[in-house]
Amino acid sequence: MTTPTQMPVDTPFTRLLGCPLPIQSAPMAGVVRDAALPAAVAAAGGHGMMPGAFLSAPYLARVLDDLERSGTRAFGVNFVTLLLDPACLEVAASRAPLVDFFFGMPDPGLVARVHEAGALASWQVVSAEEARAAQDAGCDLVVAQGVEAGGHPRGELGLLALLDEVLGAVDVPVVAAGGIGGPRGVAAALAAGAAGVRAGTRFIAAEESAAHRSYKEALVAARARDAVLTRRFCAGDPVETTQRVLRSSLDAAERLDVETAGELVVGGMRLPAPRFGSLPPTEGSSGALDAMPLYAGQSVEGVRRVEPAGAIVAELARGAAVLAGGLVEA
């Protein structure tokens, strides 16, 4: 009998990016710091994203070497425009099949640089206005991020309302992001018209994620209502942003009576973690780990165990299988 991960699901997303399943892992700075997670997602039939923030160009090049050696082309690199390193962008655009941007109105100049180097371009948007601007800038697809998302949600609309707005505004494929953590969420987003889905919180708890074990265990124990919005975790950032984190980490940071929560490992370097800093605890981090931002979307309810990324893709694929006549199991 054919399993969902073996059954290709044909959508504009899979045709454009060359992967069997319309499932993409989110680019999560810090918890994705090497090729392991995106390569595992791609090997299971999905599309893996690598964050470009906080990395040097040589380090990113080494990660892309590893991804290419894994035998897949179903991967991309994401950049936060406020932290954009031109050297990293040059490496990504010339080596990765997809370059993705987040934060602010789409920039036609950035999209043109990506296309000139031979890559596809996408932009994460939170409104129909931004989606139209992304299409006008030449983006090959857009990612619609609902406010249910973990990390740094910028908009105000829930995913389904945003999808309805964005799908009516553009002709390029739309990827749904925010609050998708199980097969029902995948099925709902695809049935609403999305060409693919982007999931983040589930993959933080993947074995291949670099998130600290205590962070993964906190996700397993959490429920949807535990993922709350705040604007506290942006100490040292260029602008104040909104974050969705586990309430426990916000409470722990507020109780902390020192200005440094501990040490983080970023790009192979050990750095101090300021109280209310924006980077999450990863492998090798030390100190008050529970007081560092434990990013989580409202899909955290679906995190029931720490497991391989391939198993997560397989579960999400049961929702995608609806398009091929399959059933979504409970």
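Is Arg33 buried or exposed? Arg33 has 18% relative accessibility, so it counts as buried; the cut-offs are under 20% relative accessible area for buried, over 50% for exposed, and partly exposed in between (1.4 Å probe, protein chains only).

Before going on, a word on what you're looking at. This is a predicted model, where local features need pLDDT of at least 70 and side-chain atom pairs count only at pLDDT 80 or more, while totals for chains, interfaces and linings use all residues. Residues are numbered from 1 along each chain as its sequence is written, and side-chain values use heavy atoms, with hydrogens and water left out.

Back to Arg33: its side chain meets that of Glu283 in a salt bridge (3.7 Å, N to O). That term stands for a side-chain nitrogen of Lys or Arg within 4 Å of a carboxyl oxygen of Asp or Glu. Glu283 sits in the loop between β12 (269–274) and β13, and Arg33 in the loop between β1 (23–25) and α2 (36–43), so the pair ties together parts that are 250 residues apart in sequence. Helices (H or I, at least four residues) and strands (E, at least two) are DSSP runs, numbered from the N terminus.

The structure holds 18 salt bridges. Another one joins Arg154 and Glu130, with the closest N and O atoms 2.7 Å apart. Here Arg154 is partly exposed at 27% relative accessibility, and Glu130 is buried at 6%.

Now for the inside. The largest nonpolar core has 100 residues, and Leu60, Phe79, Val99, Val166, Phe203 and Leu219 touch the most other members. Such a core is a set of buried Ala, Val, Leu, Ile, Met, Phe, Trp, Tyr and Cys residues joined through side-chain atoms within 4.5 Å. Helix α3 (residues 57–69) gives the largest share of this core, seven residues. Apart from it lies another core, of twelve residues, including Phe13 and Leu98.

At the N-terminal end, Asp107 caps α5, with a side-chain oxygen 2.8 Å from the backbone nitrogen of Gly109. Just after α5, Gly118 takes a positive phi of about 100 degrees.

How values were computed. A polar contact is a pair of N or O atoms within 3.5 Å; within protein, one must be able to donate a hydrogen and the other to accept it, and residues adjacent in sequence count only if both atoms are side-chain atoms.
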